[in-house]
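User: I would like to go through this structure with you, one part at a time. Could you begin with the strands?

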Amino acid sequence: MVTVGVLALQGGFSEHLGSLRKAAAHISSTSSSPIPSFDFIEVRNPDQLAKCDALVIPGGESTTLSLVAAQSGLLEPLREFVKKPTWGTCAGLIFLSEQASATKRGGQELIGGLNVKVHRNHFGRQIESFVTDLDLPFLSQEGNGAKAAPFPAVFIRAPVVDQILTDEIGSIDDKLESTTPELSVQAPKNQSEAPKGKVEILATLPGRHASNKKAASAPNTDTEAQEVSPKGAGDIVALRQENVFGTSFHPELTEDIRIHVWWLEQIARSCS
């Protein structure tokens, strides 16, 4: 039995639990090889965390998440836990990063695990949230090699990676190498404590507000639309470093369970 926890301090933990259960049922019904059984639990304290083999840190409000984690005595246990498979979505990605910009006064506690710096609320306020079709090459690798259909990515006050704190950088395929934005690489403040391993870029969003239909269809004379037109190499919105996986967007808010299936399959392989 593989126990997968979802940090249930606030945010979209129930949606993740629903998607994980659907993903496990899908794997069980379609896999041609033996797979472990999965048990999914809510995690609110260190004792529950200690039962887990893997963990999802859901979206929500990252400052609140870190405050409640501290009050629950979970910060240090979580920092130790990220040696195991861990996935953070949106606020969870921020929580798993070594550094974050645009934080509230006084900053916020992070648990680390991904050797990157993220920019909080990169796309603006809640009213500027959007859904866009996103190419995810890592989903193609799990099938017959055919390109995977785009994923309906939900961005809500989403972060992006704006700095990679190691020079060990890779991507999921050669195409992403040419579309990855040129980011500054900065050494972490404490090299001995920094997460080890290559930061693997799994997906980029081509151009800020790339889903903005007004910008895509507007004439060139529309100055307001031009400000949000798709341009440039794009923003890093999915990445992995060793056991730690992060997405800027919310897969749990869609009916598409492919990322949850992919992640559970990674866990199953690591446990075999």
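Predicted model: local features only at pLDDT ≥ 70, side-chain atom pairs only at ≥ 80, totals over all residues.

User: How many bridges join strand 1 to strand 3?

Analyst: There are 3 bridges between strand 1 and strand 3, and the two strands run parallel.

User: And which residue is the bridge partner of Val 56 in strand 4?

Analyst: That partner is Trp 87. Strand 3 and strand 4 (residues 86-89) run parallel and are joined by 3 bridges.

User: Which way do the residues of strand 3 point?

Analyst: Ala 54 and Val 56 point one way, while Leu 55 and Ile 57 point the other way. In a regular strand, side chains alternate between the two faces of the sheet.

User: Are those four buried or exposed?

Analyst: Ala 54, Leu 55, Val 56 and Ile 57 are all buried.

User: Back to Trp 87. Which ring in helix 10 does it pair with?

Analyst: The search of the whole structure finds 9 aromatic pairs. In one of them, the ring centres of Trp 87 and Trp 263 are 5.5 Å apart and the planes meet at 55°, so this pair is tilted. For the angle, planes under 30 degrees apart would count as stacked and those over 60 as edge-to-face. Trp 87 belongs to strand 4 and Trp 263 to helix 10 (residues 258-271), so the pair ties together parts that are 176 residues apart in sequence.

User: Buried or exposed, those two?

Analyst: Trp 87 and Trp 263 are both buried. They also belong to one aromatic cluster, together with Phe 138, Phe 245 and Trp 262.

User: New topic: helix 3. Which residues are buried there?

Analyst: In helix 3 (residues 62-71), the buried residues are Ser 62, Thr 63, Leu 65, Ser 66 and Ala 69. Viewed down the helix axis, they fall within an arc of 160°, so they line one face of helix 3.

User: What covers them?

Analyst: The cover includes strand 1 (2-7) and strand 3 (54-57), along with helix 4 (75-81) and helix 5 (91-96).

User: And what does the face turned away from the buried side carry?

Analyst: That face of helix 3 carries the exposed residues Leu 67 and Gln 71.

User: Which residue caps the N-terminal end of helix 3, and what follows the helix?

Analyst: Glu 61 is the cap: one of its side-chain oxygens lies 3.0 Å from the backbone nitrogen of Thr 63. Helix 3 is followed by Gly 73, which has a positive phi, near 70°.

Key
Residues numbered from 1 in each chain as written. Heavy atoms only, no water. Buried < 20%, exposed > 50% of the residue type's maximum accessible area, 1.4 Å probe, protein only. Arc of directions from axis to C-beta. Contact = heavy atoms within 4.5 Å. Polar contact = N/O pair within 3.5 Å; in protein donor to acceptor, adjacent residues only side chain to side chain. Pairing = 2+ DSSP bridges. Phe/Tyr/Trp six-rings, centres within 6.5 Å; stacked < 30°, edge-to-face > 60°.
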